[in-house]
Amino acid sequence: MVGGGQLARMTHQAAIALGVDFRVLAARPTDSAARVVADVHLGDDRGRDDLLAFAKDSDVVTFDHEHVPQPVLRELHDAGIVLRPGPEALHHAQDKLVMRTRLSELGAPCPRWRGITSLDEVTEFAGQTGWPVVLKAARGGYDGKGVWVVGDAAEAAAVVERAAREQVPLLVEEKIAFRRELAVQVARSPYGQVAAYPVVETVQRGGICHEVIAPAPHLSEDRAVAAQELAIELAAALDVVGLLAVELFETDTGVVVNELAMRPHNSGHWTIDGACTSQFEQHLRAVLDLPLGSPRTVAPFTVMANLLGGHDPHVFNRYIHVMARDPELKVHFYGKEVRPGRKIGHVTVVGDDPDALLERARTAAAYLKGDAQ
């Protein structure tokens with residue numbers, strides 16, 4: 001796996017049970033996965049030479065991020081290295097202009113959008129959709145970075161000017177009036193087998209996922225099945241091998257595709273404790289062309305809450321109290337230095353009442369951050 005973050009760390013845990021020899025290319029020995037994986041290669045996880053050296057005797061190479069440049073991916077592919085997902089598929093998760101173009105060709109439900117290079121193009125677009133509009137960096141954004149909601153031409157001008165200075169391509173999208181945000185994950189193998197997890201509700205604050213409720217409460221069966229079918233169709237059309245996460249807006253009339261990711265995803269962390277097969281095991285099964293595991297839930301509801309770092313780095317001083325207060329709650333730490341706002345772990349809790357589970361997860365996350373007593 002290319003990348004040494006928490007996704008690689010949790011994939012390693014799944015690899016142990018599967019008996020898979022798991023190697024990680026990490027940038028630093030202090031990276032989340034590098035702290036626990038036995039076979040760690042240190043190097044530039046986006047650089048040609050280090051990637052070629054890392055991948056040369058691997059059966060399959062997969063990724064915990066989308067940041068390996070396309071020219072490097074294609075050179076690895078041309079050298080006979082098995083990449084799953086492949087460069088063509090990954091391009092749709094790396095470049096929002098490529099993604100929106102292809103999704104529009106496929107007739108997938110999307111916001112109105114266009115690529116832009118000038119303020120005039122933004123104001124022309126806003127004249128059709130109304131302000132505010134959403135400006136997005138075509139490449140490199142995550143966790144709310146590279147996304148700007150602008151309410152008028154003056155706000156848009158600041159973003160367009162900065163993007164021009166930094167040579168960042170932009171697109172503009174209409175701001176969707178949505179009820180809530182949803183996500184659905186599917187796994188697809190080279191053989192063509194697919195498995196779909198339940199549609200989940202995600203709670204975003206400041207562009208960062210804070211909570212996930214699985215399955216999404218009060219979602220009609222018809223709409224849930226339609227979202228799963230959409231994700232399966234996209235996985236096949238884009239030739240995804242491994243996991244595909246489709247982030248969605250739920251509107252009054254249906255769902256609209258927001259973003260794509262082709263790897264384990266924050267919206268699927270709940271599966272470790274809440275599904276028969278975790279997303280991390282499922283990703284390994286898919287990229288190794290093993291029969292896929294059951295995505296069935298083990299309880300009526302599972303709630304996951306991200307643990308974000310606060311100003312007090314001594315999070316483990318509070319860990320024991322969370323465990324004692326709620327013994328059924330599961331805490332997962334990523335081995336990362338505590339910094340304000342940084343994802344350092346997550347908690348999950350399963351049961352029958354999503355509102356009660358959400359309260360328990362929020363209480364634990366707030367206490368571990370140092371925001372509650």
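This is a predicted model: local features need pLDDT of at least 70, side-chain atom pairs count only at pLDDT 80 or more; totals for chains, interfaces and linings use all residues.

Q: Take the pair E259 and K96: which parts of the chain does it link?
A: The side chains of E259 and K96 form a salt bridge, 4.0 Å from N to O. E259 sits in strand β12 (residues 255-261), and K96 in helix α5 (residues 96-106). The two are 163 residues apart, so this is a link between distant parts of the chain.

Q: Are E259 and K96 buried or exposed?
A: Both E259 and K96 are buried.

Q: Where do the partners E174 and R112 lie?
A: E174 and R112 form a salt bridge, with their closest N and O atoms 3.4 Å apart. E174 belongs to strand β6 (residues 170-174). R112 is in the loop between α5 and β3 (113-116). They are 62 residues apart, and again the pair links distant parts of the chain.

Q: What does the salt bridge between D252 and R179 tie together?
A: The side chains of D252 and R179 meet at 3.0 Å, N to O. D252 lies in the loop between β11 (242-250) and β12, while R179 lies in the loop between β6 and β7 (180-188). The pair therefore ties together parts that are 73 residues apart in sequence. D252 is exposed, with 59% relative accessibility. R179 is exposed too, at 52%.

Q: Which residues join R179 and D252 in one network?
A: Salt bridges with shared partners bring in R180, E201, R223 and E250.

Q: How do the side chains of β7 point, and are they buried or exposed?
A: In a regular strand the side chains alternate between the two faces of the sheet. In β7, R180, L182, V184, V186 and R188 point one way. E181, A183, Q185 and A187 point the other way. All are buried, which is nine of the nine residues in β7.

Q: Which strands pair with β7?
A: Strands of a sheet pair through backbone hydrogen bonds, either parallel or antiparallel. β7 pairs with β11 in the antiparallel sense, over nine bridges. A183 has E247 as its bridge partner in β11. Strand β9 (residues 200-205) is also antiparallel to β7, with three bridges. There, L182 is partnered by E201. Strand β8 (residues 194-196) is antiparallel to β7 as well, again with three bridges. Here A187 is partnered by A195.

Q: What lies between β7 and β8?
A: The two strands form a hairpin with five residues between them. G192 in the turn has a positive phi of about 105 degrees.

Q: What is the order of the open sheet of four strands?
A: The order is β3-β6-β4-β5, with antiparallel pairing. On average, neighbouring strands are turned by 25 degrees against each other, direction ignored.

Q: How many bridges join β4 and β6, and which helix packs on the sheet?
A: Strand β4 (residues 133-137) and β6 are joined by five bridges in the antiparallel sense. K136 stands opposite L171 in β6. Helix α7 (residues 153-166) packs on the sheet and touches β3, β4, β5 and β6. The direction of α7 makes about 150 degrees with that of β5.

Notes: Residues are numbered from 1 along each chain as its sequence is written. Side-chain values use heavy atoms; hydrogens and water are left out. Buried means under 20% relative accessible area, exposed over 50%, partly exposed in between (1.4 Å probe, protein chains only). Two strands pair if DSSP finds at least two bridges between them. Axes are lines fitted to C-alpha atoms, for helices over the stretch in contact, and angles run from 0 to 180 degrees between N-to-C directions. Contact means heavy atoms within 4.5 Å.
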